[in-house]
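User: Hi, I have a structure open and would like to go through it with you. Could you help me make sense of what I'm looking at?

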Amino acid sequence: MSFLKRSKAKQVELSSGVSIQTTASKSEETKIVLWTYDESQLQEQEIQALEEVLPVKDGHKVIWINFDGLSETAVLEQLGQMFDLHLLVLEDVLDANQRPKLEDYDDYLYLVVKMLYYADVQRSQVVVEQVSLIIGSNLVISLQDAGGDVFDPIRRQLRNPGSRLRKAGADYLAYTLLDAIVDHYFVVLDKLAEDIEEIEEELVENPTSQTLETIYNLKRELIFLHKSVWPLREVLYRLTRGESPLFTEQSRIYLRDVYDHAVQVIDLAEIYRELITGMLDIYLSSVSNRLNTIMKVLTIIATIFIPMSFLTSVYGMNFKYMPELEWRWGYLCVWLVLITLSGLMLFYFRKKKWL
Amino acid sequence: MSFLKRSKAKQVELSSGVSIQTTASKSEETKIVLWTYDESQLQEQEIQALEEVLPVKDGHKVIWINFDGLSETAVLEQLGQMFDLHLLVLEDVLDANQRPKLEDYDDYLYLVVKMLYYADVQRSQVVVEQVSLIIGSNLVISLQDAGGDVFDPIRRQLRNPGSRLRKAGADYLAYTLLDAIVDHYFVVLDKLAEDIEEIEEELVENPTSQTLETIYNLKRELIFLHKSVWPLREVLYRLTRGESPLFTEQSRIYLRDVYDHAVQVIDLAEIYRELITGMLDIYLSSVSNRLNTIMKVLTIIATIFIPMSFLTSVYGMNFKYMPELEWRWGYLCVWLVLITLSGLMLFYFRKKKWL
Amino acid sequence: MSFLKRSKAKQVELSSGVSIQTTASKSEETKIVLWTYDESQLQEQEIQALEEVLPVKDGHKVIWINFDGLSETAVLEQLGQMFDLHLLVLEDVLDANQRPKLEDYDDYLYLVVKMLYYADVQRSQVVVEQVSLIIGSNLVISLQDAGGDVFDPIRRQLRNPGSRLRKAGADYLAYTLLDAIVDHYFVVLDKLAEDIEEIEEELVENPTSQTLETIYNLKRELIFLHKSVWPLREVLYRLTRGESPLFTEQSRIYLRDVYDHAVQVIDLAEIYRELITGMLDIYLSSVSNRLNTIMKVLTIIATIFIPMSFLTSVYGMNFKYMPELEWRWGYLCVWLVLITLSGLMLFYFRKKKWL
Amino acid sequence: MSFLKRSKAKQVELSSGVSIQTTASKSEETKIVLWTYDESQLQEQEIQALEEVLPVKDGHKVIWINFDGLSETAVLEQLGQMFDLHLLVLEDVLDANQRPKLEDYDDYLYLVVKMLYYADVQRSQVVVEQVSLIIGSNLVISLQDAGGDVFDPIRRQLRNPGSRLRKAGADYLAYTLLDAIVDHYFVVLDKLAEDIEEIEEELVENPTSQTLETIYNLKRELIFLHKSVWPLREVLYRLTRGESPLFTEQSRIYLRDVYDHAVQVIDLAEIYRELITGMLDIYLSSVSNRLNTIMKVLTIIATIFIPMSFLTSVYGMNFKYMPELEWRWGYLCVWLVLITLSGLMLFYFRKKKWL
Amino acid sequence: MSFLKRSKAKQVELSSGVSIQTTASKSEETKIVLWTYDESQLQEQEIQALEEVLPVKDGHKVIWINFDGLSETAVLEQLGQMFDLHLLVLEDVLDANQRPKLEDYDDYLYLVVKMLYYADVQRSQVVVEQVSLIIGSNLVISLQDAGGDVFDPIRRQLRNPGSRLRKAGADYLAYTLLDAIVDHYFVVLDKLAEDIEEIEEELVENPTSQTLETIYNLKRELIFLHKSVWPLREVLYRLTRGESPLFTEQSRIYLRDVYDHAVQVIDLAEIYRELITGMLDIYLSSVSNRLNTIMKVLTIIATIFIPMSFLTSVYGMNFKYMPELEWRWGYLCVWLVLITLSGLMLFYFRKKKWL
């Protein structure tokens, strides 16, 4: 989950002569899927040229156009002309370094959202992708750079003729897309919660410098996650407030639900961050604690043996006249003194609770 | 008190074909108790089927339906149809991972609150449970997943014909339920206060790494408690502001009282958190302090005996020509030097206040 | 100043059958003093029964009823009936665990304030007491649990016929009571400032673990003080905003003054807290600094004597063939080497600025 | 710059019998300077009695009365009566423990501002003084306790007939006074910036416990400075918002400039505080770093020499049968072993990057 | 990037007699470039005297006057008179110590922005420059003290007759200038991100006290960057809100884009700051960790060899009667004891996971 560096942008010239920045990966091909449906009918087709949209454009069915891959700038330009989109919308679609935001162009809404999902089953790598949503009166256009998304359950729902989605309008489809994206944040959060619990155990049992690095990485991910979801919360709040007539009263009730989930994500992210901050303090304290333990061992050993070694070295001196050396029980006496001495020391340390 | 992991949800299909998520524990049976009362009469019965509610549904008495156990989704669906509840309400009732919230569906209010109580007398384990309240004009429906709640005093009040509760409407009943829930937070807070006082004493007398763990756990519990009560505060604030006509002016004065209590809970939780943060600093400082004490002992011992050992080892050398060794009073002189030396050292340490 | 634990509440049944919670100390007797005054007349009497208030109740004089001791619940109930007070007001009067707050019951205002004063001359123990004020159109009722208050200057002013207090209405009396309470916070703050200055000196001169405990205690007191005054600020703000017609424009100008003082108390409390946080950092740093000093001493001693001891122990070996031992000047050479060695060490340490 | 203790207040009785608090230093005499001017004329005179103001009081010229020294309470009382000032204004003028504030008494504005300037050229001691401004329709009264202020450039401007100040009204004069006060904050800030740069260098080169104390003192000064300017910002904001008709649209544009400066002061103070917080962390880290260096030296010395000393002490034993002692090359072998051993140790330490 | 010290100001007298402060560098010459253009025509000329502006001043073309160097105060005064600018605007233009701000003088807007760019290719030194923008109905005046700016792409666009810039009005030109400035912040941020990544690696591999200094410097730069961009955000917000009629609805949509970028800059700066704070904690922890490692080595060595040395020194004593010395296998026994002892110690340390 690397948010640290912004995607590199390249300059691209539109056919109209205007040049804009794009971060789209050149390798990906643009794949366009067109869905048109109402309660009774559903058409799902991958289209090669945008002209195929024209026949259904002004009908009464709901239209969902899903773009995977943004490298074919010409197609996007054509899209812009076909649906009369502002040039800035096209620029933002092509720039993956956006914050989540909502822009109201009267005829249509433009939303930028960050999609998070795991690319693999081991959930070791989070993929962060920017999704642009353009929402018109009976139209939803969703655009993203790379393939792979979290919309499969929605596709299944669409194919089911009895589903609520088929009965409702484009605004409900937009809600469903947002809902799917926000709900996937919980998958990432659940993985983080697992990691936190693991570290909490490690902290108690056996903290290592590896633990420290993991803590830092978790903190990092949470900072980014928080910054991603926070602006989304406001976007959803504005939608639920009914700023735009494109969302019916009925759909706004559902949006309120997505909004609640986004707030929950923020709440959890904040809780996790506070826990991690607490862990760092605990880590530091327990490192200090262990230093104390180490130093106690050293001090006990040194304090017991250094004075005793001194005593023996006294009687290792080679003076001619050292009366004790001649005594019959001298050696025994020294041993008695040494044993008494170390006994006293041990008693002292036990009293100080160092042992 | 584990808020860290969200409850696992399962997919359940309603008879209408819509499928929703539920976190209800399958094992619990749904137990429904129906109360209908006015000033003069009270009826309290455990019902087996929701149809038993129909006869009293449109009367003038206050109705309180209390659900324990949410595993029988069909019954909930029936409830939804009977009282014309929004599908999202049912979804939220079944999802235990909600934040406390208030939703106004004109005809009725939907509230989510977290209930905290101790499952055992030793107060070692806090149970956190989500309670959903649906409040209509003369109706209160309360739903929770597991049995066990904090409503027993309310039941006693209801059975007392002279009580204020019997004279008032459904909004006053809703107030009483909220009041009982919020008042139980203080029980948890009182336990935390006791723990904090215990640790404060330990910190002064004999801090161990066990203390550290307790501090971390307290911090954790307070983070969760704060996050649980904070949104509740807003819910209550909106109710007291008179957003909904379902609460009379009279009842809102009482709600203001619950609101005050919620604010108090937050205040106390914040005070406790700041205290705990302060404790961590104290802990770290006192660990460092003890390290200083340990190192002083080591340094004093080493500084006194290492030079003395050096001196004796000088006279332990086996050089042929060491005039001192031949002296009559050499050995005595060495002792005098050693005693003077250690005396000076002790004096130096006393001056430095290390002793 | 112990705010940590909430006062224990007992259940008390009113004559009306309603049972409420009380934290009033049973031992204290209720002492009621009734003041009635206008510009020309003043009557001050301790009354035994509330009926004595009736004759003056609806006159044009200002009435001040001061309760010391809240154990006689029956009297309070009678008071509630006489002045038509809401039951919740009585409950709040009896519950000492309130936050400062203002409640507007149209006919009268209900205020809860915390009073802080020193019980003894040495100012070693702060007494915290909850004062309830009920303010009517020409009536002020003040209630507190224990005797002892900060109102003596007000009583003297009242007895002085020329004072502004005698000319003004009940709202001005209420202002004077609030002013007296808030001004007494400064006495506590001044004591804290003295303590802080003492610790600042200790920190520089000779920090001990006692200092650490004092810092923690100061921090604790400031947390509580801040939490006590913060809600009071809002209470006063709302009064100055003219929310209630019971306070005249004229009195509100005076209330603005009390409000300014409350803000000042908060400002000072925040400054003190930041200072104390800074002190903790300094303490930790200076403990680390002293550890460095200790370790330097140890290292210098060890680094000088351990190599020298090694050298002497070499010549303490008993090998048959050790040519140096036979040399005429061997012993002298060893001394020269030892002195040079220690000289070099000392030079090295001086260069490293350890000496 | 000592804000920690509040100035001691004494009780003073006004001739009207009202007694108020004053913190004015008794020693200072009250010096009153009266300026009256319009575009064509300027009169500047030190007056002995307030009666001298009467002749010009109701003319069309701008009047500026500047008080130095507030000990003569009688004169202030007279001033209050002459210009019909509220008693609370007089009380606040006399109490040096005010926060900066703005009070609107319809006919006049009352402002409290803190003036900061250096009493000496070495800029070692900041003087903090409270200035009260009373602003009427063509009147400015400025009051302060001690002599010495930052208004000299304004006096020079006034004496210059062509200056903008002479052409404008009393509101412009008030602006000029505020501007002079706020601009002088930058002098204090510049000194702090110099101190910070000095410490930054010290931190890198040679941090001592003296550095620590300086850091704490800087932090302290910045806390106080911030608390002084913060409320001033709001005062100025309210003035620029046009709350009072006493300031013309034209003057408010100038006030906006002062407001900008106040915000800049706050910005800089916040930047400095954050830098200082960062410094403390660096200090702690570098103290720990130096401890590591010290311990490395000790460990290297001990780890090299303790095993070698052990070896030599083995051959210092006096056993009868120690074959090595008899060997021809025993002594040489020991030296070889010792040299190899220390060589290995040194290699090990170099590999661990301790050397 | 030194924001710490404010630029030194000098007093300059205008021809009107008013004296103002200037921070303009005397050395730089004032270079004025005049652009006048509409869709069909473009004129670009360096002018020597402001009089050359007069002919085009009231035409319908868009005028852009770009000042490099502000030392010629007389020219600025002339500019002020020609376009009827407020004296405060001239003062602010000349004072490089401004916060970014927006001032609305009805006829024109005055904006202060900070421009950041790298003076060299190695991006080692950030240049911070204050740019003043005066925006009239078909006029943009941009002023800065030093040459070198980020406007070259805009100049190229202007020379291209088909560009949007040529078709739009002065407000769009102003937008383009702001956009160029804000986009250049990302260049600085990208450099910071690189530095942070480098340090993150260093922290794990080999943290030194150099790392610490770099961390502090990064923190410092981010504090300043944040304080520079934060007020800009508000400036842009107010422009997008449509406060001024000088910006058309159409241009405001573009301004919203710049606003989004500014918010992104702030977001990134905050993320970087949090990361750096985390790094400091990690640094401290890992320094402590290394101390533990060092102390473990010392303790292991000391604990193994000190008791063994004691034993050997016992048998180095010269007592007459020490039976062990006479034993045939005494020496061998001692070696066995020594080896067993050290083996036990090593086993103990391995069990404690110190090895």
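User: How does chain B lie on chain C, by what turn and what shift?
Analyst: In this predicted model, chain B can be laid on chain C with an RMSD of 0.0 Å, using a turn of 72° and a shift of 0.0 Å along the axis. The two copies are thus related as by a five-fold rotation axis.

User: Which residue of chain B comes closest to that rotation axis?
Analyst: That is Gly316(B), whose C-alpha comes to 4.5 Å from the axis.

User: Switching to chain D, where is Tyr37(D) found, and what does Tyr37(D) touch?
Analyst: Tyr37(D) is found in strand β3, which covers residues 31-37 of chain D. Leaving aside residues up to four places away in sequence, Tyr37(D) touches Leu42(D), Gln43(D), Lys61(D), Val62(D), Leu158(D) and Arg166(D).

User: Why is Tyr37(D) counted as partly exposed?
Analyst: Tyr37(D) has 19 other C-beta atoms within 10 Å, and because a residue needs 20 or more to be buried and 12 or fewer to be exposed, Tyr37(D) is partly exposed.

User: What about chain A, which residues of helix α3 are buried there?
Analyst: In α3 of chain A, residues 87-94, the buried residues are Val89(A), Leu90(A), Asp92(A), Val93(A) and Leu94(A). What covers the buried residues of α3(A) includes the helix α2 (73-83) and the strands β2 (19-22), β7 (109-118), β8 (126-135) and β9 (139-144) of chain A.

User: Which domains does chain A have, and what distance separates their centres?
Analyst: The domain assignment gives domain 1 (10-284) and domain 2 (296-351) for chain A, and 77 Å separate the centres of these domains, taken over C-alpha atoms.

User: Last one, how many residues does helix α7 of chain E have, and what is its reach?
Analyst: Helix α7 (residues 209-240) of chain E has 32 residues and reaches 46 Å from its first C-alpha to its last, which is close to the 46 Å expected at 1.5 Å a residue. Just after α7(E), Gly242(E) takes a positive phi of about 80°.

Methods: Residues numbered from 1 in each chain as written. Chains lettered and ligands numbered in written order. Predicted model: local features only at pLDDT ≥ 70, side-chain atom pairs only at ≥ 80, totals over all residues. Helix = DSSP H or I, 4+ residues; strand = E, 2+ residues; numbered from the N terminus. Contact = placed C-beta atoms within 7 Å. Least-squares fit on C-alpha atoms with pLDDT ≥ 70 in both. Expected span 1.5 Å × (residues − 1). Domains from an automatic or database assignment.
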